[in-house]
There are 2 protein chains.
Amino acid sequence: MPPASLSLSVIRDIPLVRTGDDLAAIILQAMSSCGHEFENNDIIAIAQKIVSKAQGRIVNLAEVTPSKEAVRLAREINKDPRQIELVLTESKSVIACKPGVIIVEHHTGVILANAGIDHSNVSADSEGEYVSLLPEDSNRSAGDIKQAIESRCGKKIGVLITDSIGRPWRLGTTGIALGSAGILPLRDLRGNRDMFGHELMVSETADADSLASAACLLMGEADNATPVVLIRGFECIDTQLDSRQLLRPEKEDLFR
Amino acid sequence: MPPASLSLSVIRDIPLVRTGDDLAAIILQAMSSCGHEFENNDIIAIAQKIVSKAQGRIVNLAEVTPSKEAVRLAREINKDPRQIELVLTESKSVIACKPGVIIVEHHTGVILANAGIDHSNVSADSEGEYVSLLPEDSNRSAGDIKQAIESRCGKKIGVLITDSIGRPWRLGTTGIALGSAGILPLRDLRGNRDMFGHELMVSETADADSLASAACLLMGEADNATPVVLIRGFECIDTQLDSRQLLRPEKEDLFR
């Protein structure tokens, strides 16, 4: 059954995250200073950026030496060759590109622009140009954070690591679940019937991505500094399934 | 500023919708019987299906005569030629197809599978095979319903007409805003700065689609019969902009 109601709220007072920080501890602290207590089925949505920062997935572009291939491609699409070097290193393949845009399959299987590399909200350091890479393995991170929070609060929760990405035919970004734990990412409706007993045409709903989209709406992109959102109303479960379930297999793909 | 909190709840007791029904009156009645009173900035998300039904956008496949082109294409992709006839009639162009799948540009500019034609939750009539077409103009419908509700409740609200659609590289459907009124569909972040004063890479967020995704999560697809969701926490505005703002112009499109 889909939820009858859903609430989302920003967890305030998340400090600037630095390499090595314990995100579970930071979130527990911020929840408590917000006056929230964890309940069963709480879902914590975390912006990818702070997971990357905690993992030290930050690169100073001044220290990147682009390959010939990166230099060639960067010239073709009018991008910084050092950034293209990182994009290529982080990816399995280039799906499409044109001046200013490069869409790749990240090594985790997610298809997105720039391999998720971003320079927003990365560093105040004026000595270098820092960018963030995606977390090494967002599903593992989600699982680790889930376990650490659960062990300290004694409740069963879910964790989403979110990113905001563009889409081929629609403008503006929406959220996706880059990683998930304790949530069924894809709701399988096969075998379900409509109100009149007919079999459904839609077979699966991408619930983890829909939750991520809603959470990203609250996170903002600018200087809001609200990278953690509490979601209530969606049922968490014990599952080994994670956001990899949402990747369309290449053989079913009409657009690569 | 993005919202600090957001709540969504299903409006229960929406009756079966029939051609000619007044959706604004139905929603006002259901809100009241749910114990809700309209407040300023309430957003009503309405599943496309009931808008189509109210408009009589229901077709009996037995009454459709497929063209030669529809017969040819239907054979190629293993679909019902009568349904392909409707898909072609509703569309500007075919974007991609393979056995079992046809993705088109609907005449409203939205790119989606089957031109949004669906046989779920359409009719209990065992005499025919009925399918629903998308509403004629979902933005106009959203505006009409908004105005009708506002004139009766005296509050400023927003209206979304939602649909659930698939995506090229990810499995499962998520919601989109097929139509909107009283909501800024696309939040423009250009000129905004991150926490450290750097210009943002992401320039726009598709807020209306994110709201629709969250709402569709509550609507379900099966026999739940919950096609209307109340969203609170997002700021409505007076705007002539509608969900057409979310359509990526063809010249910026890498995938058609």
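How many of the eight residues of strand β9 (residues 174-181) of chain A are buried? Keep that in mind as you set up the view. This is a predicted model, where local features need pLDDT of at least 70, side-chain atom pairs count only at pLDDT 80 or more, and totals for chains, interfaces and linings use all residues. Residues are numbered from 1 along each chain as its sequence is written, while chains are lettered from A and ligands numbered from 1 in the order in which they are written.

**Stop one: β9 in chain A.** Select residues 174-181 of chain A: eight of the eight are buried, so the strand is largely enclosed by the rest of the structure. Buried means that 20 or more other C-beta atoms, placed from the backbone, lie within 10 Å of a residue's own. Strands here are DSSP runs (E, at least two residues), numbered from the N terminus.

**Stop two: its partner.** Strands count as paired if DSSP finds at least two bridges between them. Look for S164(A) opposite G175(A).

**Stop three: A215(A).** Among the residues that A215(A) touches are L160(A), T162(A) and G175(A), not counting residues up to four places away in sequence. Contact means C-beta atoms, placed from the backbone, within 7 Å.

**Stop four: chain B.** Now select β4, β5 and β6 of chain B, an open antiparallel sheet in that order. β4 (91-98) and β6 (111-113) stand at the edges with a single partner strand each, so one side of each has no neighbour in the sheet. Finish at C97(B), which faces I102(B) in β5(B).

Technical notes: Buried ≥ 20, exposed ≤ 12 C-beta atoms within 10 Å, placed from the backbone. Helix = DSSP H or I, 4+ residues; strand = E, 2+ residues; numbered from the N terminus. Contact = placed C-beta atoms within 7 Å.
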